[in-house]
Every structure is written in C-alpha cells, then in structure tokens.
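I went through the helix packing, then the chain contact, then the domains.

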Amino acid sequence: MLSRTADHLYWMSRYTERAENLARMLDVNCRMTLLRQEEDVVRRRWTSTLATVGQLEPFLAAHGVVTQASAIDWISFERSNPGSIDQCLDRARDNAHAVRGTLTSETWETLNATWLEIRRFRRDTVSSQAPGDFFEWVKFRSHLARGVIQGTMLQDDALEFTLLGTYLERADNTARILDARFEFLAPEAAKSDDAGDYYEWSALLRSVSAFEIYRKVYRDLITPRRVAELLILREAMPRSLRHCMSRVQQTLVRVANSRSAETQRRAGEIHATLQYGRIEDALEEGLRNYLSGFLERTSDLGARIARDFLVSEATA
Amino acid sequence: MYADDATVRPHYSPYAEWLAETPGDRILEKRAEADTLFRRAGITFAVYGDEIGTERLIPFDIVPRIIPAGEWSGLQRGLRQRVTALNAFLHDVYHDQEILKAGLIPPEQVLCNVQYRPEMQGLNLPMDVYAHIAGIDLVRAGAGEYYVLEDNLRVPSGVSYMLEDRKAMMRLFPELFARYSVAPVEHYPDLLLETLRAVAPGGVRDPTVVLLTPGAHNSAYFEHAFLAQQMGIELVEGQDLFVDDEVVYMRTTQGPQRVDVIYRRIDDDFLDPLAFRPDSMLGVPGLLAAYRAGRVAISNAVGTGIADDKSTYPYVPEMIRFYLGEEPILANVPTWILRRPEDLAHVLAHLDELVVKEVHGAGGYGMLIGPRASRAEIEAFRERIIADPARYIAQPTLALSACPTFVESGLAPRHVDLRPFVLSGRDIVMVPGGLTRVALREGSLVVNSSQGGGTKDTWVLAC
C-alpha cells in the first residue's frame, strides 16, 4: 500500500487511542479528588497530570495557576493545545479524511461523527460540573472506532498499520499513566495498609479498565507490586506493555519489507525484555527509571517505523 | 414536469400521485433525513476563499428528474456521435490537422490557443482516444429539444453525486422505485475501471491504475476518494509518485511499485513541474517524459482542453460532418463568435438579450446574463468585449425547462441541466442518466455548485 496511506492510518489510530487514554487519565484524577480534596493535593495531582502528558509548560504559560477545572478544560477542549482530546479527535478525523477511500465507509463515518459530536458538549459545564459523561463518551467513541475497524476492514496492510498505531500508542500511554501514579505512590510508602492508598491503586486500575481483571487474576489485596506486574508484564491484560508490544512485534513481522530488519529486531528485543523480565528486577531498578527507559525505546521504535514504512525515500 | 398547459407530463404522473398521497410532514422529515445522510457520510465539497464553511454540503433535492426511455435513447446516440467526433478532432489536431487544412476552423484559433499542447503533437495514444471520460452538459429548452451547452473533456466531475443521489433516493423512498422502473447507474465505477484498463500502454497485461488527486483540500476530493474506493485503486498524490528512467512508480510500504495508468484529477498545468508550471507542488517531475515515451497512460490525455474550449465549441457540428459524414443529432446552442466582426456588431447591439461568456471561463464565472444584468453591468462588460473580442462568445438566453424542486416556500419550478458521463476506451459506453444540477435560486440559470446550485437524482426510465 502507499506509504502515505499507511502513515495516515497509523496516525489516525494513534490519535484515537491517545484521546481515549487522555480521557482515562482525566477520569481517574477526577475520581481521586473526590477522595482527598485538600487544595494543595489537588493542585499537585493536576500539575503532575499535565506534566505526564507533556503539557505543563504551555498550560502554565496560558493559565499561570493550576486548578482542576482549568486543567480539565485545557486537556479536553483547548484548541490551541495540540495535545488536547479535541485536537486529537480532530487530527484522527483529518487523517481518516485523507484516506477515506481506504477506510470502510462505516469507519470513516464513525470518526467523522465523533468529530461532529464533540461540539455538542459545552466546555464550561463539562469542566466544572460533569466531566465524567464526557470522558465516558470519548472512551465509548474510541471503542466504537476500534470495533468498526476490526469488524469491517479487510485484513490487509491497511488494518495492520491501523493496529500498529493503536498498540504503540497504548504502550506509550499505559507507561505514562503508570509512571504518573508511581510519582505519588512511592513503593515504600505504599507498603503500609493505608486505605487512601487502596483507593489510589484501585482508581489507577479502573482508569485502565483493570480493576475486575486484577481481582480475577490475583484474588488478593491490591499491592503496588502486583499492579505493576499486571500492567507491565501480563500478556493477557490488553492494556499491558507486554501485550501491546507483543501485538506491535507480530504486526511488524507481517508488514516487514527489505528495510525493516533492524526495526523488527528492536521490537523483538523490547518484547523479549517484557516476556522474560521479572517485576522484582524492575522495582529494584526503580519503576520510574524502568518506565522512562521503556518510553525511550518505544519512541525510538516509532521513529524507525516512520522511516521504514511511512516516509518513503525517492528511490528506495 | 409540466407541459405548456400546466398538465402533468405523462412520465411524471405516478410521481404526482405519490406526492398527493404522501403527507407533507413526511416529506419534510425525509428532507431532514437526506441532509443527515449526506452530512454523516461527509459528502461535501470545499469552497475556495470561504474560511468558515470550507466543507459544505451540496444541496440535494428529493424530487427526481425523470427522462422517458425514448428521449434517453436519442440522447445516447447523439452523445456517442459527438464524443466520437471530438476524439477524432483531438487526434487530427495533434497529427495531420486535416480540419485546419480544409479551412473549417481558423488555424490560429487552435494553434495559438493556450489549451493546444505542442507536446502532444505526433504522439500516438492507445486506440487514438484522448478524452476517455467526457461530461457533456445538456439543457432542454422550448418544445423539449436538447442542446449541448458545453463539452467537459479535461477533468469532468460530479459523477459521485450521481451515484450518491441514487443511493439516497433508494434509501429514502423505496416505495417510489416500485412505481417506476428506473434504469440502474450503480455500475459506473466498473465501466470506468474497464475503460481505464483498456487504455493502458500496449503490452501491459494487468495494468496498475491509480487516481491522482491534488489532495484532501481540493473541492472535489470527496469524489476522488469515492471513485478510487469504488474501483479498488490507489488514491495517490503527486508526492506518492516518482519517475525513474521514464517509468512511473508509487511509493509503497513494500518499496516502489510500477504504475501503468493514471486517472488524473488535476489540470495539465500542474501535472509535471518540469514540463508545465514549475511551481506546481501537485505533480510529478518527469511524468510528461514517461508519458511521451509511452510508458504510462494519462487519462484524460494531456491537451484535451483544445476540444472543449468555448472558442472551439461552435465548430463541433462541423467536426461531426467532417469526420463522420453525419448530421449532428444533438444541437449546439446558436453561438456568435465575437472574433468575427459581423457577429461582434450583432452582439454589441443586443447585449441586453444575450448571454456572453469568456472562452476560458468556467464554473459560471466571467459571464454576462444580459436580461438579468443592470445597465451599468452591461456597459462595463461592453468595454471588456471591445478591448478583446476574441475572448468572448455569445448565445441567446434559452427558455430552459424547469423541474419541480423543494424550496423554502414548498414545491416550485427551478431550472436544471444534465451532465451524462461518456466513457471511451475499447467502446463508447455510458450509464443511463447523469448528474442533474438545479439552480436553486428563483429564476437563476446558474447551476454550478459553487454558486448556489444543487443536485437531483436523474431517472432514466427503463421502458
């Protein structure tokens, strides 16, 4: 398929996935502030969230002071913020528009409808009163897009590059969500049986749809070690780093071309580290360190994928 | 729909009966539903120079335009004849120029026209066909005779609306299709693909066909994506293609892949920055050289604009007689050629009755509609004509037929035209019907979508 088409499909699904994970991140924060409402705690939490999504500096430049409502508004709706949910959905739709002929009409119409419908939310009400409905809506639209893609698209390279974007983005986002929570919940502090921590961890699990899964898998108390293991190393957990990288690696095998051997090797290496790694070693290394190393490697992989498949050289 | 005495023409009577039986609010409901259908599917066109509504819906009217079978078969014969002659003219002009030697068309008018492409001189094309896709604009006037208003032989557009309009009508009013036996048009993309494959360079057994678009911001982008999808071919932009040793390739995730036929939806000027406009970012450097070497087919061919130029139009009936030895089946609108002194004098004396068009204008721009223009507008236009008469032609205003259309005040007559799409490859084929455009403003004769025109489904009756 055309490199440019693959590029649009890949970014279409990356932006859709990113919008979903932003909504998940905002949702967990909102739930947490219902638990502890001290002003400085709330401010610290939102400051950290803005930093996690790489938007703290532009936010401070625009707003000066971090408040819950302004942070939600900034990440959800701000059009001048290229990383907002609104802008992610806008770009997902732009990319879909550029290749609408490659998509099934159901897929295109789903993304187009999302883009049309976000305007029916009133940003002032969402940010200050009922953000939950909005986050639910974003997640639902993302589920719908993924379902329509998998349920209607021909199983060819177009689908492969769409999945590649989804899983690479999800791996990145899950790592960031985990990283942000570990900033607050240093493992040694979490060893105590503080109820507050229980709620923090369960909120984190819920934000990645993993609360029930945790119960099913461990049938035991929620501990940071197990949360980390579940979200990093569990193959069967669809949002875990290992699951995502396993999908990325498999997809790269299917779309391989004459240039992509090194990219495949690196994807395999990342995956193998997750497949054979132990959570004790990651905790020993320091989870934040471990995760930032992971983020560096996936970002390198993203650049390599772009070079091998998406941006074509004149006479490659 | 109505004859002179305001009685319903026979082929509209089942529709009129249905309309009388159907409650008004159901019609309104269906109109709203049609709007939602088109918006959700993103069937839009971009308007240049309009920042707010860069993507706008083309208004769709739910009243079909109905053409009896007998009327269509006459049209079809006429279209076949006309397109055959136009292709013969293009081949002649780019080879021996017999028609110029015979003195039927002034040579300087052809050879000095910017639409004449010297690059095409002497080049042989598969089956000698230049305009593989032709959109011929027809109007019905007076007692019901059809006239050709314009031949579109460069990159005629609108066929996606023909197909989407039919799809919408079948979804909204299935019961109407039970009352009429409407000839199908849905196989158009198959015919188009067959035509494009037929014109591939000789020796290519399984040609790779692509559709070349200027990109997502072009006003007809929806149609480009739609047709590529319907034909199952790649939708490419200039940046996706490159030429190496006079062979065209597209850049794919698996490396370069050879391209044999380019269905281009960009103008000649932008095709190849090395051959035409050097500032074009839309084209492919070296494409013309590959084309001239016979390594790739371009559809429509380069240089077809010389045949649909408004200054060439008046000579089409002569072409039909010259190349085919037949009398034209479809009439031209009588046209004054203002480069001729006697025509100029007549037109200047009757500006308030006539339509004057710029020969290179398109889209309903650059024209004067005498009966609707103010004194001042006429005088201003007169100055422009006198300054450069050869740039203009003039035609009488026709008593165009109208078709009932839903407007704010209910059902009202609005002027329509018809653009059938004629495909020339191994054979000349067309689907029964075409794009009906309707001038939504009362009394307006301008049907262009950029100027408030809408579309209707066109029903050619099967019997």
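1. In chain A, α6(A) packs on helix α8 (residues 131–152) at an angle of about 170 degrees, with the axes 9 Å apart. Axes here are lines fitted to C-alpha atoms over the stretch in contact, and angles run from 0 to 180 degrees between N-to-C directions. Because of that angle, α6(A) is roughly antiparallel to α8(A) (the cut-off is over 145 degrees). Helices are DSSP runs of H or I, at least four residues, numbered from the N terminus.

2. A caveat on provenance: this is a predicted model, where local features need pLDDT of at least 70, side-chain atom pairs count only at pLDDT 80 or more, and totals for chains, interfaces and linings use all residues. Residues are numbered from 1 along each chain as its sequence is written, with chains lettered from A and ligands numbered from 1 in the order in which they are written.

3. Who meets whom? On the α6(A) side, A:E106, A:T107, A:T110, A:L111 and A:T114 meet α8(A) residues including A:R141, A:L144 and A:V148. Contact means C-beta atoms, placed from the backbone, within 7 Å.

4. Between chains, 23 residues of chain A contact 22 of chain B. α6(A) gives the largest share of the chain A side, 5 residues.

5. Chain B is assigned domain 1 (10–201 + 296–333 + 398–460) and domain 2 (336–396); the bounds come from an automatic or database domain assignment.

Note on methods
Contact = placed C-beta atoms within 7 Å. Helix = DSSP H or I, 4+ residues; strand = E, 2+ residues; numbered from the N terminus. Parallel < 35°, antiparallel > 145°, perpendicular 65-115°, else oblique.
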